[in-house]
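Here are some notes to read beside the model.

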Amino acid sequence: MAAKDLITFDNEVFSAYAFWSAVLVIKVLLMSLLTAAQRFKTKTFANPEDLLDKRLKVKFDNSDVERVRRAHRNDLENILPFFAIGFLYVLIDPAPGLAINLFRAVGIARIIHTIVYAVVVMPQPSRALAFFVALGATVYMAVQVLLAAL
Amino acid sequence: MAAKDLITFDNEVFSAYAFWSAVLVIKVLLMSLLTAAQRFKTKTFANPEDLLDKRLKVKFDNSDVERVRRAHRNDLENILPFFAIGFLYVLIDPAPGLAINLFRAVGIARIIHTIVYAVVVMPQPSRALAFFVALGATVYMAVQVLLAAL
Amino acid sequence: MAAKDLITFDNEVFSAYAFWSAVLVIKVLLMSLLTAAQRFKTKTFANPEDLLDKRLKVKFDNSDVERVRRAHRNDLENILPFFAIGFLYVLIDPAPGLAINLFRAVGIARIIHTIVYAVVVMPQPSRALAFFVALGATVYMAVQVLLAAL
């Protein structure tokens, strides 16, 4: 089937990609609100114009704020490349069962990654496991696209 | 209409998405040049190999450079997810008037965000407003895609 | 030709886009492993739960780790916008020879950027050249998409 014919919500692989992409877009955007919540709670603001009270000063080193920011940056590093390669992976017409489970793996692993990193801090290897499940699934898709495009 | 048939410049929604994506890609890439301009102006270089003059040392804490870098990072956090979800939103065949105005809102709000954050610093809530307009529009699109893909 | 008809691996421009996107997704994801390698080598961990040994403390200022992180962030700033605009550029039906060489330029320049920044540090202007080749090619594509979408 030509790649373009796979772009339809009747294709369950495309539909699963759209679903998990939408979930992860919302998840990534919520990280900004989580950072803001930590900034207000700890009164840690990075810009003079953000200071609520004239007696506050800009601060950059609160460990709770920085933890959320590291989790957020890790999302940018891993989820944003998934948006690009997940779409191309749909277009190589993969086996539906495998593809849908790969999208699920990325989506669920990245949600768990955020929870154990920045919501309820859990001992390692919980974060490392969540990280590598999503990374492995994304690299697998990229390799399949690479081979199809050679 | 099947999703794929919406991918044509004859579809004004797709065309508006492509237009605002191109504008925002250029805007994000220009942030690197704005950072570089601030680095040269304040002689703040993060790498030894970038030092223009042997008497300079690497520095990381210039507030003008860091301000541009925070604005740039905020772009990555908000504009890059829009590229993914805006495209999927086109494919659910939204009402053209609404969709085109949502893309416009994201594009204009993110340009204003950069101006008030890193070009002519303006008091709050100017930056917060610009931030939340773009965030709200992007989350709305994501929710619509999520519902269409269920 | 309608934009959607260009989305097929029979179109050598789309195929080249998919190939270089897959290469760059893998390249960006490998940056996490390069950061991890530097963290273990220099025992620089940013989270208490990552400390291998109870006698270690969290550290944020190792120059080798920070160098890889700057290279990684530069990838996010430049490669992720390429994924969005490269796809839209395919859809405006560009001259194949030019388009394929632009994708190649971005792909090769960004790989060289990483090598001279974070693997074998090279004097300037090697990094600046690699940076501007990729930036120039990406901005050119964005301008072409902008004009096509007007």
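Which side chains meet in a salt bridge at 2.5 Å, N to O? They are those of K4(A) and D5(C). Keep in mind that this is a predicted model.

1. **Salt bridges and polar contacts between chains C and A.** The bridge of K4(A) and D5(C) joins chain A to chain C. Between chain C and chain A, the count of salt bridges is four. Nine residue pairs are in polar contact across this interface, both residues at pLDDT 80 or more.

2. **Where the chain C side comes from.** Two helices, α1 and α2 of chain C, each give at least two residues to the side that touches chain A. The largest share comes from α1(C), with 14 residues. By class, this side of chain C holds 20 nonpolar, six polar and six charged residues.

3. **Extent of the C–A interface.** Chain C puts 32 residues into the contact, and chain A puts in 35 residues. Together the two chains bury about 2600 Å². Carbon and sulfur atoms account for 71% of that area. Which three residues supply more than any other three of the area that chain C buries against chain A? They are F9(C), L29(C) and E49(C), and they supply 23% of it.

4. **The B–A interface.** Here 35 residues of chain B are in contact with 32 residues of chain A. The area buried between chain B and chain A is about 2700 Å². Of this, 71% is given by carbon and sulfur atoms.

5. **Charged and polar pairs between chains B and A.** Four salt bridges are found across the interface of chain B and chain A. One of the salt bridges pairs the side chains of E49(A) and R127(B), at 3.5 Å from N to O. There are nine residue pairs in polar contact between chain B and chain A, both residues at pLDDT 80 or more.

6. **Which elements of chain B face chain A.** The elements of chain B that give two or more residues to the side touching chain A are α2 (63-90) and α4 (126-149). By class, this side of chain B has 26 nonpolar, three polar and six charged residues.

7. **How chains C and A are related.** Chain C superposes on chain A by a rotation of 120°, with 0.0 Å of shift along the axis. The RMSD is 0.0 Å. That is the relation of a three-fold axis. Which residue of chain C has the C-alpha nearest the axis? K4(C) does, at 3.6 Å from the axis. The copies use different surfaces: 19% of the contact residues of chain C recur in chain A.

8. **Cis peptide bonds.** Q124(A) and P125(A) are joined by a cis peptide bond, with omega about 10°. P125(A) sits in the loop between α3 (96-119) and α4 (126-149) of chain A. Chain B has a cis peptide bond between Q124(B) and P125(B), where omega is about 10°. The loop that holds P125(B) runs between α3 (96-119) and α4 of chain B.

9. In chain A, K43(A) has a phi near 50°, a positive value in a residue other than glycine. K43(A) is placed in the loop between α1 (12-42) and α2 (63-90) of chain A. Is K43(A) buried, partly exposed or exposed, and what is its relative accessible area? K43(A) is partly exposed, at 48% relative accessible area. In chain C, phi of K43(C) is near 50°, positive in a residue other than glycine. K43(C) is in the loop between α1 (12-42) and α2 (63-90) of chain C. K43(C) is partly exposed, with a relative accessible area of 48%.

10. **A buried serine.** S15(B) belongs to helix α1 (residues 12-42) of chain B. Its relative accessible area is 11%, under the 20% cut-off, so S15(B) counts as buried. Leaving aside residues up to four places away in sequence, S15(B) touches F9(B) and A149(C).

How values were computed
Residues are numbered from 1 along each chain as its sequence is written. Chains are lettered from A and ligands numbered from 1 in the order in which they are written. This is a predicted model: local features need pLDDT of at least 70, side-chain atom pairs count only at pLDDT 80 or more; totals for chains, interfaces and linings use all residues. Side-chain values use heavy atoms; hydrogens and water are left out. Contact means heavy atoms within 4.5 Å. Buried area is the accessible area (1.4 Å probe) that two parts lose on being put together, summed over both. A polar contact is a pair of N or O atoms within 3.5 Å; within protein, one must be able to donate a hydrogen and the other to accept it, and residues adjacent in sequence count only if both atoms are side-chain atoms. Helices (H or I, at least four residues) and strands (E, at least two) are DSSP runs, numbered from the N terminus. Ala, Val, Leu, Ile, Met, Phe, Trp, Tyr, Cys and Pro count as nonpolar, Asp, Glu, Lys and Arg as charged, and the others, Gly among them, as polar. Copies are superposed by least squares on the C-alpha atoms of residues with pLDDT of at least 70 in both. Buried means under 20% relative accessible area, exposed over 50%, partly exposed in between (1.4 Å probe, protein chains only).
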